[in-house]
Amino acid sequence: MATIQDVQEAVSGVAQGVGPQVVGVSGGRTSGSGVVIGKDRVLTNAHNLSGVHPRSGNMPRGRSHPRELTVSFADGRTAAATIIAADPEKDLAVLEVPTGDTKSIQWANGSANIGIGAPVFALSNPGGRGLRVTFGLVSGTERSFSGPRGRTIGGGIEHTAPLLPGSSGGPIVDDEGRFLGLNTHRLGEGFYLAIPADDVLKNRAEALARGDAPERAHLGVAVAPSHVANRLRRAVGLSDADGVLVRGVREGSAGAQAGLREGDLLVKAGGRDLKTVEDLFAALDSVEAGGSLEMDVLRGTETSKVTVVFSSEE
C-alpha cells in the first residue's frame, strides 16, 4: 500500500469482503457493533449490553426493565437477539441472532503481521447506523487496560484507525480481511485498543457461543493500590506496607461475610503477595466458583488470617 490509490482499493476491498459480517448492536444503555463468528452467533463487547437481561443470567441486572436487543446487518436487515453468555470481566459476549447467509469472519490465528507499523482496517456499524471502514496503523502491542469491572485485560493491540462512538465490538482486520482484534476501548486522542483475535479469544468466544459463561470469584470490595494505602497509613502514624487497600465492602458479599472492613490492607491471598490490584485479581481468578481463599489482612499493626468462602452465585 505505497500510494493513496492502494489504500483506497484496500479499504474498498475490505468493505466488500468483511462489511457484511459486521453488525450494529442496540437496545442496551449504550449502542455498539459486533461481528459474525458463526451460524447465528455474533461476538461483541459485554459493555454494549448493559441493561439487557441475558438468557444465562451472568450479566449484571440494573434497576431498569429488560430491554429488547436488536442486531442490524449491513444490508439493512434487523433482527431481535438474545445474549447466550457473557464474560463482563473480559468485556466479551456472544449473541444469538438469525444471521441468514452471512458468512463468519476469518480468524487470523497468528498468521498475520500485527507488529508496530502494520496496517489495519477498523470496521463498525455503530448502533446500526451503517457500515464504517477506516484505515490506521498498529501503534503498540501488549497494551493492558481495565475492563468494565476493573480487571486488567492484557495483550491489547493499540492502533490509529479512527472510530466513532458505538464502534466497540467491531473488528480490526488486515488487508486480506482476516480478524486481528475486537475493538473495545478508546485510549486518549486518536488511539484505540483492540482485544487480540488470538487462540485465547477464539476459545473464549466458542465457549460463550455454547453458553459456557465463566464463573469467577468476587470479593465484593472496592480496592485501592499500595501507594494510596501508604499515604493514608502515614497520615495516622503507621509504617508503609505492600498490599491492596479495602476502600469499601458491599453488604452481604463474600468479603463482608469473612469480616473484611474498610481500611483493611490485603497483603496476601492464597499465599501470593499482593503488591498490585492485578495480583488480587489473579488470586481471585484461581478460585473456582464455590471455593475459598485464605488471605492475610493487616488491620492497623496487627496481621490476621481470614478465609473467604465464595458462593457459586457470588
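Start by selecting Glu 142, which is exposed at 62% relative accessibility (buried means under 20% relative accessible area, exposed over 50%, partly exposed in between, with a 1.4 Å probe and protein chains only). Glu 142 sits in strand β9, residues 132–146 (helices, H or I with at least four residues, and strands, E with at least two, are DSSP runs numbered from the N terminus). Check its backbone: phi is positive, about 55 degrees, although Glu 142 is not a glycine. Most residues other than glycine have a negative phi.

Before moving on, a note on what you're looking at: this is a predicted model, where local features need pLDDT of at least 70 and side-chain atom pairs count only at pLDDT 80 or more, while totals for chains, interfaces and linings use all residues. Residues are numbered from 1 along each chain as its sequence is written, and side-chain values use heavy atoms, leaving out hydrogens and water.

Now jump to Asp 40, in the loop between β2 (32–38) and β3 (41–44). Here's another positive phi in a non-glycine residue, near 60 degrees. Asp 40 is partly exposed, at 23% relative accessibility.

Next, select helix α5, residues 277–285, and pick out its buried residues: Val 277, Leu 280, Phe 281, Ala 283 and Leu 284. They cover an arc of only 160 degrees around the axis, so they're on the same side of α5 (the arc is that of the directions from the helix axis to the C-beta atoms). What covers them? Bring up the strands: the cover includes β10 (152–159), β14 (221–224), β15 (244–249), β16 (265–269), β17 (272–273) and β18 (292–299), with contact meaning heavy atoms within 4.5 Å.

Time for salt bridges (a side-chain nitrogen of Lys or Arg within 4 Å of a carboxyl oxygen of Asp or Glu); the count comes to 11. Show Arg 299 and Asp 264, whose side chains meet at 2.7 Å, N to O. Arg 299 is in strand β18 and Asp 264 in the loop between α4 (254–257) and β16, so this pair ties together parts 35 residues apart in sequence. Asp 264 is buried at 1%, whereas Arg 299 is partly exposed at 34%.

Then select Lys 305 and Asp 296, with their closest N and O atoms 2.8 Å apart. Lys 305 is exposed at 55%, but Asp 296 is buried at 13%.

Over at Arg 186 and Glu 189, the bridge is 3.5 Å, N to O. Arg 186 is partly exposed at 44%, and Glu 189 is exposed at 68%.

Last stop: select Asp 174, Glu 176 and Arg 178, which are linked in a network of salt bridges.
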